[in-house]
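I opened my notebook to record what I looked up in this structure. My entries follow in the order I made them.

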Amino acid sequence: MVKKMTVPAIRDHKAAQGVDPLVMVTAYDAPGARMVDEAGVDMILVGDSLAMVVLGYENTLQVTVDDIAHHTAAVARTKPQALVVADMPWMSYHVSTEDTLRNAAQLIRAGAGAIKLEGGRRRLPMIEALVAAEIPVMGHVGLTPQSVHAMGGFKVQARNTKAALDLVDAAKALVHAGCFSLVLEGVPAEVAAMVTEAVDVSTIGIGAGPHCDGQVLVFHDVLGIEKRVLPKFVRRYADLHGTGVAALKEFAADVRSGEFPAPQEVYGLCDEVAEELKLYGMG
Ligand code: KIV
């Protein structure tokens with residue numbers, strides 16, 4: 001039987017020798033969570049990518065704590081073996097520590113085992129307050145999609161010496177503040193390697209090359225559920241969009257031609273009731 005993945009297990013993963021890299025995939029609902037868990041991933045991220053891949057927004061800024069809590073609860077109801085990590089939405093951890101704690105508690109009560117938040121040194125007071133309240137925190141540095149306006153778009157970060165050194169410094173500070181793991185997004189592979197070397201918790205990369213302690217991708221990207229143009233770091237393992245559209249076209253054609261429903265797909269009355277109804281001029 002596969003054991004339930006826990007925050008300490010993820011934290012200690014780095015220290016263990018010869019272990020496989022960690023695998024994290026997003027999920028936003030019960031069927032998705034079941035698929036991801038059955039595939040044996042270590043962590044399920046209820047990401048704020050929900051905004052773009054499920055709710056149809058252009059960036060991640062539109063989702064609320066209620067949205068993430070709603071989807072976290074759906075994922076958690078499946079009782080996955082994987083650790084469920086819920087994303088703190090934009091503006092849910094920026095205003096005050098009280099507000100941050102209340103919002104994080106809502107996600108933990110919805111069923112998350114940990115929360116993730118974006119940003120560097122500016123987040124330290126919030127991270128410290130969360131950790132002091134026993135809420136495990138995964139950090140997220142590099143390309144932080146909630147900073148889309150400040151960054152001027154979704155751009156690879158830490159491409160010059162100063163930015164690379166600042167990133168390493170920020171990662172160390174986040175870990176010192178208590179983060180049990182760090183997502184490194186959209187940074188050169190060499191910089192991700194420097195961060196991974198510099199911290200004693202597992203780094204989980206997305207668009208950050210092969211030297212991280214684990215990798216994360218978005219469910220809809222891995223399975224090809226959307227036709228959108230994907231960033232170069234995504235590998236698509238299936239074309240569920242194509243398969244799904246083909247199946248739906250077949251269904252539509254069968255309905256229009258009268259092929260669906262077939263006799264075996266229909267409920268019927270017993271002969272006696274059918275005869276009786278005829279007496280009433282029906283059937
Ligand atoms: O929201 C999300 O899916 C994420 C991953 C891209 C790491 O934050």
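Predicted model: local features only at pLDDT ≥ 70, side-chain atom pairs only at ≥ 80, totals over all residues.

**Entry 1: the ligand**

I started with S49, where a polar side-chain atom lies 2.5 Å from an oxygen atom of the ligand. Next I checked D48. An N or O atom in the D48 side chain is 3.0 Å from an oxygen atom of the ligand. Then I turned to K116. Its side chain has an N or O atom 2.9 Å from an oxygen atom of the ligand.

Which residues are around the ligand? I listed T26, L45, G47, D48, S49, D87, K116, H140, I206 and V218.

**Entry 2**

I moved on to helix packing. Two packed helices are described by the angle between their axes and the distance between the axes. I looked up both for each pair.

Helix α4 covers residues 65–76, and helix α5 covers residues 97–110. Their axes come within 8 Å and cross at roughly 20°. Angles under 35 degrees count as roughly parallel, so I wrote down α4 as roughly parallel to α5. The crossing of α4 past α5 is right-handed.

Which residues of α4 and α5 meet? From α4 I noted V65, D66, I68, A69, T72, A73 and A76. In α5 they meet N103, Q106, L107 and A110. I sorted the residues of this contact by class: seven are nonpolar, three polar and one charged.

**Entry 3: α8 and α9**

Helix α8 spans residues 161–177, and helix α9 spans residues 189–198. I found that their axes come within 9 Å and cross at roughly 30°. That makes α8 roughly parallel to α9. I recorded a right-handed crossing for α8 and α9.

On the α8 side, I listed A164, L165, L167, V168, A171 and K172. They meet V191, M194, V195 and A198 in α9. The residues of this contact divide into nine nonpolar, no polar and one charged.

**Entry 4: α6 and α8**

I came back to α8 for another partner. Helix α6, residues 124–132, packs with α8 at an angle of about 25°. The two axes are 9 Å apart. That angle makes α6 roughly parallel to α8. Is the crossing of α6 and α8 right-handed or left-handed? I found it right-handed.

From α6, I wrote down L124, I127, E128 and V131. They meet A173, L174 and A177 in α8. By class, I counted six nonpolar residues, no polar ones and one charged in this contact.

**Entry 5: the backbone**

I finished with backbone geometry. Most residues other than glycine have a negative phi, and most peptide bonds are trans. I looked for departures from both.

M91 is not a glycine, yet has a positive phi of about 75°. Where is M91 found? I placed M91 in the loop between β3 (83–87) and α5.

Which residues does a cis peptide bond join? I noted F260 and P261, with omega about 0°. P261 lies in the loop between α11 (240–257) and α12 (271–279).

Conventions
Residues numbered from 1 in each chain as written. Heavy atoms only, no water. Axes fitted to C-alpha atoms, helices over the stretch in contact; angles between N-to-C directions. Helix = DSSP H or I, 4+ residues; strand = E, 2+ residues; numbered from the N terminus. Parallel < 35°, antiparallel > 145°, perpendicular 65-115°, else oblique. Left-handed = near helix turned anticlockwise from the far one by under 90°. Contact = heavy atoms within 4.5 Å. Nonpolar A, V, L, I, M, F, W, Y, C, P; charged D, E, K, R; others polar. Near = heavy atom within 4 Å. Polar contact = N/O pair within 3.5 Å; in protein donor to acceptor, adjacent residues only side chain to side chain.
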